[in-house]
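Subject: Structure for you to look at

Hello,

Here is the structure I said I would pass on. My notes on what was found in it follow below.

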Amino acid sequence: MKKIVVINASPRTDRNTGKLVREVGKGAESEGAEVKVFDLYRLEKFTGCVSCFGCKLPEHLGQCICHDGLATVLEEIRSADGLVLGSPNYLGDVTAGFRALYERLIFPYVTYKKEPVTYNNHSIPVLLIMTSNVAEEMYTQIGYEQLLLNYKKSLSGRIGPTKVMIYGDTLQVDDYSKYNWTIFDPEMKKARHEKVFPEKKNEAFLLGAEMVKNPDSWN
C-alpha cells in the first residue's frame, strides 16, 4: 500500500488550507493509499534548521538529527510515496511553520559536493498548495508566481517532481463585521467562496487520486 504524507502548515486546521490538503488526502485514499495528516501548529515545539551539520556526518548523511516536534514528520516523509504541503500566504511568503519544515526537509539532502548533488535517492511526487487573500490573477504581478516557482524548483530537485495548486481571494473569516475591514465586500467574498471553493476541493481530490494512480507522470 502506498503512503501519502499530508501536511497542513496553517495555524488554522479547518479553514481553506487545512480543508484542501485533507481533500487531497481523500483523493489519495480513494485510490487505496494510506494517508497520514500532520497539522504543523499542533505538533510539539520545533524549529527550523539550527545549522548543526549533523546531516553531513557519515553516520547521518541526508537525515536531520534534531529530535523535536518535526522528527516524526520527517521520518514519515522519508518513507512516503507522495507528499502534500499546504500553506496560506503570510506577508508574501509561506508560514513560519512551513519554512521551518522546508529547511529541515531540504537541507539534509544538500551535499556540498559535485557528485552526488543530493543525498536523497527516494524521489516522490510532491503537491504544493498555497492559499491567499490575494486573487490568483495578481500572482504574477506581485511576485507570488515567482515565489512558488522557486519553491517548486527546490522541492523538485531535492524531494521529487512537484506540482503547484493555488487558491486566491479566499474567505478569511466568517464574520467580517467584527473587524471593520473596509477594503472587502463580505457578501462578494462569501458568494465567491460558495461557488469556487467546492471546485477547488474537487481539484484537490483529483490531484490526490492522480498522485497515487499516476506518480510516474507527475510533473
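S154 counts as buried, because its relative accessibility is 17% (buried means under 20% relative accessible area, exposed over 50%, partly exposed in between, with a 1.4 Å probe and protein chains only). S154 lies in helix α5; helices (H or I, at least four residues) and strands (E, at least two) are DSSP runs, numbered from the N terminus. Not counting residues up to four places away in sequence, S154 touches Y102 and I106, where contact means heavy atoms within 4.5 Å.

The model is predicted, so local features need pLDDT of at least 70 and side-chain atom pairs count only at pLDDT 80 or more, while totals for chains, interfaces and linings use all residues. Residues are numbered from 1 along each chain as its sequence is written, and side-chain values use heavy atoms, with hydrogens and water left out.

Next, the cores. A nonpolar core is a set of buried Ala, Val, Leu, Ile, Met, Phe, Trp, Tyr and Cys residues joined through side-chain atoms within 4.5 Å. The largest one has 35 residues, and I7, L83, L85, F98, L101, L155 and I159 have the most contacts inside it. The elements giving two or more residues to this core are β1 (3–8), α2 (71–78), β3 (82–88), α3 (96–106), β4 (126–131) and α5 (144–158). Of these, α3 gives the most, with six residues. Leaving aside neighbours within four places in sequence, L83 is in contact with residues including V5, I7, I77, L105 and M211. A second, separate core has 20 residues, among them L20, V35, V84 and M165.

Finally, the backbone. Most residues other than glycine have a negative phi, and most peptide bonds are trans.

- The peptide bond from E115 to P116 is cis, with omega near -10°; P116 is in the loop between α3 and β4.
- S51, not a glycine, has a positive phi of about 55°. S51 sits in the loop between β2 (34–39) and α2 and is partly exposed, with a relative accessible area of 42%.
- D169 also has a positive phi, near 55°, without being a glycine. D169 is in the loop between β5 (162–167) and α6 and is partly exposed, at 24% relative accessible area.

Regards
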